[in-house]
Structures are given as C-alpha cells and as structure tokens.
Amino acid sequence: MNRPFIFYNTLSRREEEFVPAEEGKVGFYGCGPTVYNYAHIGNLRAYVLHDTLARALRRGGYEVTQVMNITDVGHLSGDGDEGEDKMIKSAKERGKAVLEIAQIYTDAFFADTDRLNILRPSIVCKATDHIPEMIAMIERIEKNGFAYNAGGNIYFDTAKDPGYGKLARLKADTGEARARAAEDGNKKSARDFALWFTRSKFDRQALVWDSPWGTGYPGWHIECSAMSMKYLGDSFDIHCGGADHIPVHHTNEIAQSEAATGKSPYVRYWLHNEFLVMGKDKMSKSSGGFLTLQSLVDRGYHPLDYRYLLLGAHYRSQLQFSFEALDGAKSARRTLSAKIRALAARSGWNGKPEGEAGSYGEAARARIDEFDEAMRRDLSTPRALAALWGLLKDPAIEPGEALRAALDMDEALGLGFLQEANSVAAGGGACDETGGSPNAGSFSPEEEAEIRELVERRAEAKKARDFAKADEIRAALRERGIVLEDGPGGTSWRAAD
Ligand code: AMP
Ligand code: ZN
C-alpha cells in the first residue's frame, strides 16, 4: 500500500489521513439520483467525484465497494419534508406511472454516466426494493426511544439526540425550530423529520406499503441509512454527496443511523462536492435554468470535454460554468487525445503496454509520483492534470513509456485514453466526433491531429450554418490531398486517390 490518502472530512472540518476500518478495503456510499427528471450537469459533478474517488482508491491499491442508491420514492421537493413528492409530480405532468418515470430517468442517468466514463458502482440499489429494511430500521429507532407517532406519521425526535446536527455544526435548538414546526403541525420541532408517512398530504400516493404504523411510505432520509448499512455495515468508511446535503439529508442520516445502532460514528469520513454554479445560482432542477449532458452534446461538445472541465477544478471549490470554460476544456482534451494517438502511433501500440507494469525510468517515474501525490492530497485533480501535461511534454521520455504512464494516470482520470490509443492500434484515425480515416497511415500523427482538428472545425461551421466556412475548410484540405466524405456517422477523411 502506498502512503495514505489525505481527505478533507466535513465531520471534523479538517484534512485527515485516511485509514479504512479494514486494511486494504474501502466501503463507500454516495447518494444517487432522484429519478424524476434528467440529471443536470451539476448533479453529474457529484457522480464524477464519486467515480474519481473510487478510481483513485483502486489505483492506490484498495479493494473498493462502492454503493449508490436510486431514489424512486419518498423525496419531497423540500428536503425538510415540505412540498410535493418529486416522483408523483413528474408522473402526473408526463401522464405516466411513477415506476415508468423511474425507469425512464434511471436509464437516462446511466446513459449519461456511461458517456462520462463513470464506472458503474459495485452495488446500485433502488429504494423501492428496500422497504422492509427501512421498516426494520424505523422499528429499531422507535424501540430505542428516538421516534414519535403524530397524526399517523412517524417522526424522528431530534430533541432526544444530543449530538444532532454535528455534521453541519447546527447550534442547539433554542426554540426557534419549534416555532417553525407549525408548517407541519404534527412535528414537535421543525428539525424533526418523517421516517414513515401514513396520513400525509398526498392522499393518492401511488406507491404504498404495509407497515406496523399503517399503510404508507418512507421518508427520504431513511433510505440512505437503510441501504448503506445493509451493504456496508453499521459503520463504514466514506460517504459522499453534494454540499447541499450537509444541513439536512446527511445530518438526518447520521441521527437516525446512530439512533438505530447505538454506535457512533455511522460514517468515518464525509466528503462533499461544492456546487456547479451558473451566474450567481447553484444549478438546480427546480430553478429551470439547468443544462443536461445531452444539451452539451447537441452543441457539439463531447461528454468527456465536460469531465475534463470538472477535473480542472478541485471538487471542494465552486465551479462557475460557462461555455467559454467548456471551450477551453474541449480544446485541451482534443490536444491531449491527439498526443495520446501520436504516442500510440510512434510507439507501435498494439493494445498491450510494453515493459513491466509500474516500472518506469526516472523522468516518467517523477511524473507518476507527482500525479499520485496530487491525487493522494484530497484528490487534487488540477495538480494531477498538470503532472499529466508535464509527462506528455517531456522530450526525455520515450513514446512507449510516456503512453504507458499516461494510461496509468488515466486509470484515475477516466478520460478514455485507452480507447484513443486502441483506435490507432486498430489501424485508423477513427475518431468518435469526426468519423475516421481509412488510410490514416499515410499521414504523420501530428498531421493526423491537425486534420482531425480541421474536420472538427468544419463540422462546427456546418452546425452553425456557416457553409462558406465549411466549404473553405473542405477546399483547403482538398489542396493538401485530403478528401472528406460525409456519412450518417460523421465525416471521414482519406488521402485522395
Ligand atoms: P438529486 O438528484 O437532486 O438528489 O442530486 C444528486 C446529487 O447532485 C446530490 O449529491 C446533490 O448534492 C448534487 N447536486 C445537486 N445540485 C448540484 C450542483 N449545482 N452542483 C453540484 N452538485 C449538485
Ligand atoms: Zn442520500
């Protein structure tokens, strides 16, 4: 095992050495999507973090069990039990059944995460498949004296938990929260939260289950406690989610989990990603002004351009989204891809790394160490990318070794370098955005990269209906003996006969 990772733990508000409960193994839970709509690119920031963390831990030698839930019941539009049920509202608006909506947006979610090279978590669990576990946990909470029944619903009694709010550093409840409880007249304090609803404001709740407290459905927070503990045990290593979850969702998860088991801590390291913001506001589904991954693709970006943009910022810093920034990421990623392809061509890459895994000459070793040190230090992806660029610009490192080191780094970055290198080994200038070249071998890797760039610019001009510019690029390439062929899969190019 290498030197331990250092993570900023929201619980202690400090950077801490990461020591898992069981040597060599990590149990990690990340809150998954509520599947009532497409994920926006802010949500996807959270999942890229989870993936980068899992990848970095695996690269660091750990066996990782990554669990992610799918929320398909119980999530109201306000995290504090107020508002409408998100799933039911969406089903009504779209004229579909709740479970149909859940399936549509679960599939869309994984289509997005696949396109972002996010590896599937070890376990993906749906809330509706775990109702018995949630009921059993609520029974334990009740038995331990932390719950009350009011108006037919079961609530968590935050006044019984002296540690309540430790994650968010909430001040003791001085009565203010009790005054605000009037919103839900059943609650003794506004901080209390529903574990199980029976007689809620939704008289036509689509999905209901029998329970010891009557037919009904679970509150939102209980699902994450029940599922994380089912798969990872009463106390586990890492929990992730967006910073918006600190004051309510994660605070409540801790309270109810520790009340059920009597053990503390429920989770040892809490890692939260900061927001993706647009203008002054956090991107959110409810604000209406949100972008999906597909909307970026429709504007001519590759999903991995967005991943690159995310990796260029530290996960704990707010990231201001703009198309100018995304353009910068796109062009940087293009250059990286061209470099990888050039290295593959120059080193005669045949799909398998040469040399012994992990053994490098001094110069490459220094870059790898710089990279690993950056990832070890609270996943500093901007510094890790700088190490990658340093590697690719270092003339002292021969192409085969540089490629091997870049592929090594990409285990943690997930920028698709292996596919890029393999497309060269497969004998083409094949490229996902611009089709391919059946006889790329006639050009040097540098020429090939330049041609691809021009083909791409022509595609962009066509998209912007600037046909004069598109024709100009085609003519310029023709001058150089390159013929373009437009087809359904994009534009391919070849040397003129
Ligand atoms: P939801 O599907 O709304 O439960 O959110 C899924 C994940 O995305 C959660 O971890 C949220 O904290 C996170 N999230 C929501 N909005 C943003 C944003 N604008 N930037 C980054 N993460 C976000
Ligand atoms: Zn959760």
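Colleague: In which strand is Arg 268 found?

Modeller: Quick ground rules: this is a predicted model, where local features need pLDDT of at least 70, side-chain atom pairs count only at pLDDT 80 or more, and totals for chains, interfaces and linings use all residues. Residues are numbered from 1 along each chain as its sequence is written, chains are lettered from A and ligands numbered from 1 in the order in which they are written, and side-chain values use heavy atoms, with hydrogens and water left out. Helices (H or I, at least four residues) and strands (E, at least two) are DSSP runs, numbered from the N terminus. Arg 268 sits in the run covering residues 267-273, and that's strand E11.

Colleague: What is the relative accessible area of Arg 268?

Modeller: We say buried under 20% relative accessible area, exposed over 50%, and partly exposed in between (1.4 Å probe, protein chains only). Arg 268 counts as partly exposed because its relative accessible area is 25%.

Colleague: Which residue's side chain makes a polar contact with the side chain of Arg 268?

Modeller: Leaving out residues up to four places away in sequence, Arg 268 touches several residues, including Asn 9, Ala 21, Ser 235 and Asp 237; a contact is heavy atoms within 4.5 Å. A polar contact asks for a pair of N or O atoms within 3.5 Å; within protein, one must be able to donate a hydrogen and the other to accept it, and neighbours in sequence count only if both atoms are side-chain atoms. At 2.7 Å from Arg 268, the side-chain partner is Asp 237.

Colleague: Which residues coordinate the zinc ion (ligand 2)?

Modeller: Donors are N, O and S atoms within 2.8 Å of the metal (3.2 Å for Na, K and Ca), and as water is not among the atoms, sites may look incomplete. Here the spacing of the donor residues along the sequence is C-x192-C-x24-H. At 2.1 to 2.2 Å, the donors are Cys 31 (SG), Cys 224 (SG) and His 249 (NE2).

Colleague: How many residues apart are Cys 31 and Cys 224?

Modeller: Cys 31 is in the loop between strand E3 (25-30) and helix H1 (41-59), while Cys 224 is in helix H6 (residues 221-232). Both of these cysteines are buried. The pair links distant parts of the chain, with a separation in residues of 193.

Colleague: Within what arc do the buried residues of H4 fall?

Modeller: The buried set is Ile 131, Met 134, Ile 135, Met 137, Ile 138 and Ile 141. We take the directions from the helix axis to the C-beta atoms. The buried residues line one face of H4, because seen down its axis they stay within an arc of 165°.

Colleague: At what angle are the ring planes of Trp 196 and Trp 213?

Modeller: Rings of Phe, Tyr and Trp (its six-membered ring) pair if their centres lie within 6.5 Å; planes under 30 degrees apart count as stacked, over 60 as edge-to-face and the rest as tilted. There are 17 aromatic pairs in the structure. For Trp 196 and Trp 213, the centres are 6.1 Å apart and the pair is tilted, because the planes are at 50°.

Colleague: How many residues apart in sequence are the parts that Trp 196 and Trp 213 tie together?

Modeller: Trp 196 is buried at 0% relative accessible area, and Trp 213 is buried too, at 13%. Trp 196 lies in strand E8 and Trp 213 in the loop between E8 and E9, so the parts they tie together have a sequence separation of 17 residues.

Colleague: What share of the 497 residues is buried?

Modeller: The protein has 16 helices and 16 strands. Among contacts with a separation of 6 or more, 73% are between residues 24 or more positions apart. Of the 497 residues, the buried share is 56%.
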